[in-house]
Amino acid sequence: MQSIIDKLTSTAAATRAEDLRAAFAADAQRFDRFSASLDDLLMDYSKCAVNEEIMALLEELCDAAGVAAKRDAMFSGEAINFTEGRAVLHTALRNRSNAPVLVDGHDVMADVNAVLAGMGTFAEGIRSGELRGATGKAITDVVNIGIGGSDLGPVMATLALAPFHDGPRLHFVSNVDGAHIGDTLKILSAETTLFIVASKTFTTIETMTNAQTARRFVAEALGEAAVGKHFAAVSTALDKVAAFGIDATRVFGFWDWVGGRYSIWSAIGLPLMIAVGKDDFGRFLDGGHSIDEHFRSAPFRQNLPMLLGAIGVYHRNVLGYQTRAILPYDQRLLRFPAYLQQLDMESNGKSVTIDGKPVAGGSGPVVWGEPGTNGQHAFYQLIHQGTSIIPAEFMIAANGFEPELRHQHELLIANCLAQSEALMKGRTLAEAKAQLTTKGMDEAQADFIAPHRVFSGNRPSITFVYDQLTPFALGRLIALYEHRVFVEGVLFRINSFDQWGVELGKELATGLLPVVEGKVAATGHDSSTAGLVGALAERKMG
Ligand code: F6P
């Protein structure tokens, strides 16, 4: 693989010297050549510094790394998460073909379909008012209590699918900061509120603490006996849920072969299903499944997750770009960058290869972003003129959900396309100067000011275009990025499916709690930590 990376590096050096503007000028077919589609979903990567030679080398790289074989191993239920001895089968959760998927010889599809059916009955019961609170009132508000993968997916997807939201209001509480649940409970009535405690492990301190606070809220308002009618749970740890006291008929399970950050397709998606209904949730699963089929069968140059992953690694490991910006031109994808942060950074933020050796090149980049056009008025300055090159990934629907505001959607589209064009084209010194002199500035002043108005151009971006942000389209987008992370993980030669990096801080927090509470002295801690404990104790009020 190293020899292919070396070839890519030397080829890229030549390609970078060649201006992207020149590449477009020289080849009227560049867009057709370097774009690919799945139905209405188009991926345009022609504004990246690629050519036929680089694409051929990236395909060779994927072949040498065995991406296709590893993909097939994932889909077939092999325990590819070898550090935890687990299969990785979020794809089974959206396997709408119902073709058998075996884990240790057991076909999991019957279990998957049984939980989905149970969720459907419960969700429709809450939506229709058939399932009510303890005092007989219909549920108007649902609070999901979870964090990380047990929060980010439902939060992101519920907002994304707002036009389809016809169920009770949804709220999400994740942070252990009492401000989060405090502010949420303030506006709710226990009588009409359902709490969903969502935790794969059912041990996560933030979730368990918030769940206890919610439990007290219900018990104090309606009495202990009412609690059962106001709680449901989603977990793989059914014994722990039972110990918390949630009735088995209101517990929706999933399995250790579903990673937290890949769990939106499982019972973790229950709040989304309550919001949009089981049929639209089914369409969301259909969208994910369509990408799975595509990922498994399309040749490299038509395979969107393969292309996205290969270009991601090209940017990270060949061109050395440290971050990538996710820039949806879709206000309802507000939380999509945060969702991808967990998906990508918790999966590929690793320094050790599958052989336990240090990663030689880079591994996962820093992922960040905000919807456009807001980002344009905040951080795009740096993307256009800063000293770091930041590959940008734009996404835009051809249609919004506000036909009466079509002109606003057209303005949105124009802005999105203008940004990628500006990043690619830039503005030369001569052009900058000419602009100033045309406006009447004298030569000397124009020479002085023009350098500040130069855009280097040649800055890479990928643009995704789709019809409209429907449940199907959202499912497709998420699954596309999941498989991109997979492809990149294989090329980085890491295990994308564990997350040991979050453990140390959790362990230390547990040890620090009695110190913060003043029950134990800060001995054994470094002077900074001990000093900060002391500073906070001195400032404690009441
Ligand atoms: O932050 C680590 C992590 O384990 C994530 O991977 C996971 O999504 C999150 O915590 C929540 O875990 P759980 O669903 O078990 O409460």
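Which residues does Leu-58 touch, not counting residues up to four places away in sequence? I found Leu-8, Phe-300, Ala-310, Ile-311 and Tyr-314, with contact meaning heavy atoms within 4.5 Å.

A note on ground rules: this is a predicted model, where local features need pLDDT of at least 70 and side-chain atom pairs count only at pLDDT 80 or more, while totals for chains, interfaces and linings use all residues. Residues are numbered from 1 along each chain as its sequence is written, and side-chain values use heavy atoms, leaving out hydrogens and water.

Buried here is under 20% relative accessible area, exposed is over 50%, and partly exposed lies in between (1.4 Å probe, protein chains only). This core has 117 residues, and Leu-58 and Tyr-314 are among those with the most contacts inside it. Helix α20 (residues 471–492) gives the most, with 12 residues; helices are DSSP runs of H or I, at least four residues, and strands are E runs of at least two, numbered from the N terminus.

Then I checked the "active site" annotation from the unreviewed UniProt entry: Glu-346, His-377 and Lys-506. Such annotations may be inferred rather than shown by experiment. The farthest two C-alpha atoms are 36.6 Å apart, so the three do not all gather at one spot. I placed His-377 in the loop between β11 (366–369) and α16 (380–385), and it counts as exposed at 69% relative accessibility. Lys-506 sits in helix α21 (residues 503–516) and is partly exposed, at 44%.

Terms used. Core = buried A, V, L, I, M, F, W, Y, C linked by side-chain atoms within 4.5 Å.
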